[in-house]
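I set out here what I looked up in the structure, entry by entry.

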Amino acid sequence: MSDRGKTEHSGPPLILLRGVSKSFANGIDAIARLDLEVRHGEFLSLLGPSGCGKSTALRIIAGLTEPSTGEIEWHGAAPASAGETRIGFVFQEPTLMPWANIFDNVMLPLRLKRIPRTRAADRVNVALDRVGLQKFGGAYPRELSGGMRMRVSIARALITEPTLLLMDEPFAALDEITRFKLNNDLLELWQSLHTTVMFVTHSVFESVYLSSRIVVMTPRPGRVMTELAIDAPYPRDRNFRTSAEYAALCRRTSEALEQAMQAGTAQ
Amino acid sequence: MSADGPIFAAGIDGGQPPQAAVARRRVGNRSRSLHERRDRVLRFALPIAVLVAGLAIWEAVVRTERIPPYVLPAPGLILRTLVNDWTLLWQSLVVTLLTTVEGFLLAAIGGVGLAIVFNQSPLVEYSLYPYAVILQVTPIVAIAPLLLIYLPQQAAVLACAWIVAFFPVLANTTLGLNSIDRNLADLFTLYGATRGQRLWNLKLPSALPYILGGLRIAGGLSLIGAVVAEIAAGSAGAGSGLAYRIAESGYRLNIPRMFAALLLLSITGIVIFYLLSLVNYFALRRWHESALQAGV
């Protein structure tokens with residue numbers, strides 16, 4: 001696997017969020033005047049405490065929530081409508097259809113685009129192969145472990161070959177061993193598929209391990225506090241997790257997060 | 001049983017089936033499964049024992065006290081009546097059964113159909129839902145005589161079966177169509193699903209357990225509706241269903257035949273319930289919690 005250098009992660013801009021705010025009907029400002037640039041091919045993490053509007057930002061980019069003010073600008077191709085599948089979305093829960101087997105769950109995006117089953121089947125098999133579940137196409141979600149279900153969810157998100165993969169704390173509910181394994185697999189997928197990932201998390205350690213760039217957000221209302229470039233080269237593995245460099249980066253990121261939380265309470 | 005235990009979550013993640021874990025679990029649970037089996041046997045054996053004991057006491061009391069059959073027939077006599085009058089009772093059973101099945105099917109189609117219409121158009125729901133409730137809360141015994149005035153008898157009986165049976169299907173399906181996973185709904189939005197796709201691929205499958213629950217109630221209720229209407233019609237002097245036989249036998253003081261017809265009605269109700277439970281089980285056994293534990 002090629003070593004993706006720093007230059008590759010700061011590719012041309014993919015999305016620009018300009019002054020995006022979102023207030024809910026109950027008067028809570030989820031995010032306020034959020035400016036954010038997502039670049040082609042990067043692994044960007046949004047890091048912040050619960051309730052800092054990270055998920056709202058993802059939902060706005062996905063077109064699932066309308067911003068109250070501000071605009072989202074897509075570069076390159078035409079702006080994505082909600083129906084267009086340049087976006088893959090992985091929720092905090094696997095969000096699988098319990099009545100359908102794994103194969104049909106992964107095929108859902110293609111089915112909704114009316115691609116016939118015979119043509120979709122190959123792509124589904126490739127997607128299942130990617131996440132190591134090729135043998136489980138006939139199983140039902142409840143027959144799988146939490147980690148396997150999350151893999152299915154990732155396979156489903158990747159089947160449309162999205163330009164941008166949005167992940168909303170996808171591994172938060174998993175045990176540590178499973179989470180580490182999925183972290184590694186996700187990095188491998190990201191590198192081999194050359195997709196852009198936007199990853200929401202409240203874990204400093206997870207964000208440092210995965211990201212090429214971390215955006216630290218303040219709570220209530222969510223706004224960008226700091227940006228941190230994580231320059232450590234990919235592929236990253238167990239050695240990186242135990243390195244002094246990783247520890248130093250985690251400390252720096254922790255400090256940034258603490259500042260962000262103080263800035264949030266000061267307001 | 002769920003394979004969701006955190007113990008072997010990591011093991012499965014390597015793509016290996018959790019055979020070792022399953023084997024260990026089996027050994028550890030041997031005593032428990034024995035206990036479960038005894039429990040299951042008792043569940044069948046005890047009600048049967050109660051039935052046998054009850055019938056024996058009944059038979060004994062009728063014989064020793066020399067109670068005449070027009071007051072209380074003994075179980076043996078009821079059984080003999082059932083055999084002797086079989087041709088007549090069977091014909092009546094077929095009539096009642098046909099009405100029940102027709103009423104049930106109409107209720108299923110009407111209830112699910114109306115719930116879908118309500119779900120797609122709130123305006124229709126606001127307009128019609130109160131009347132569905134009124135139809136439900138007005139006692140069917142009170143409606144039946146009116147229906148018999150305005151409709152041909154067979155149609156009136158069918159209408160009664162339908163009225164009682166359709167509301168639980170409507171209410172349950174409505175609940176089911178609204179009980180969808182919000183994230184899954186978002187996913188459908190993300191991939192640009194049409195209204196039809198959303199209904200067919202998301203809402204109806206989500207609602208299936210609720211619909212089947214409603215149907216299970218509706219099966220029994222349509223039998224009740226048919227019986228009520230037949231009795232109402234029977235007192236007007238026409239009809240040939242099982243309930244009419246009960247009413248008619250009552251006038252003639254043929255009490256053993258009343259019991260025999262009642263026995264047939266009960267058995268019919270039980271069969272309907274278990275058939276629908278079976279459908280429920282086979283439709284849901286792969287994915288829904290309700291079918292995983294309860295079985296049939």
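**Notebook: chains B and A**

I began with chain B: residues 24 or more positions apart make up 71% of its contacts with a separation of 6 or more, a contact being two residues whose C-beta atoms, placed from the backbone, lie within 7 Å. I noted that the model is predicted, that local features need pLDDT of at least 70 and side-chain atom pairs pLDDT 80 or more, while totals for chains, interfaces and linings use all residues. Residues are numbered from 1 along each chain as its sequence is written, and chains are lettered from A and ligands numbered from 1 in the order in which they are written.

I then looked up the secondary structure of chain B and found 13 helices and zero strands; these are DSSP runs numbered from the N terminus (helices H or I, at least four residues; strands E, at least two). Of the 296 residues of chain B, 34% are buried (20 or more other C-beta atoms within 10 Å of the residue's own, C-beta atoms being placed from the backbone).

I turned to the sheet in chain A, where three strands form an open, antiparallel sheet in the order 2-1-4; strands pair if DSSP finds at least two bridges between them. Strand 2 (29–39) and strand 4 (69–74) of chain A are the edges, each pairing on one side only. Strand 1 (residues 13–23) of chain A is joined to strand 4 of chain A by five bridges. I recorded Thr69(A), in strand 4 of chain A, as the bridge partner of Ser21(A).

Definitions and conventions:
A residue is buried if 20 or more other C-beta atoms lie within 10 Å of its own, exposed if 12 or fewer, and partly exposed in between; C-beta atoms are placed from the backbone.
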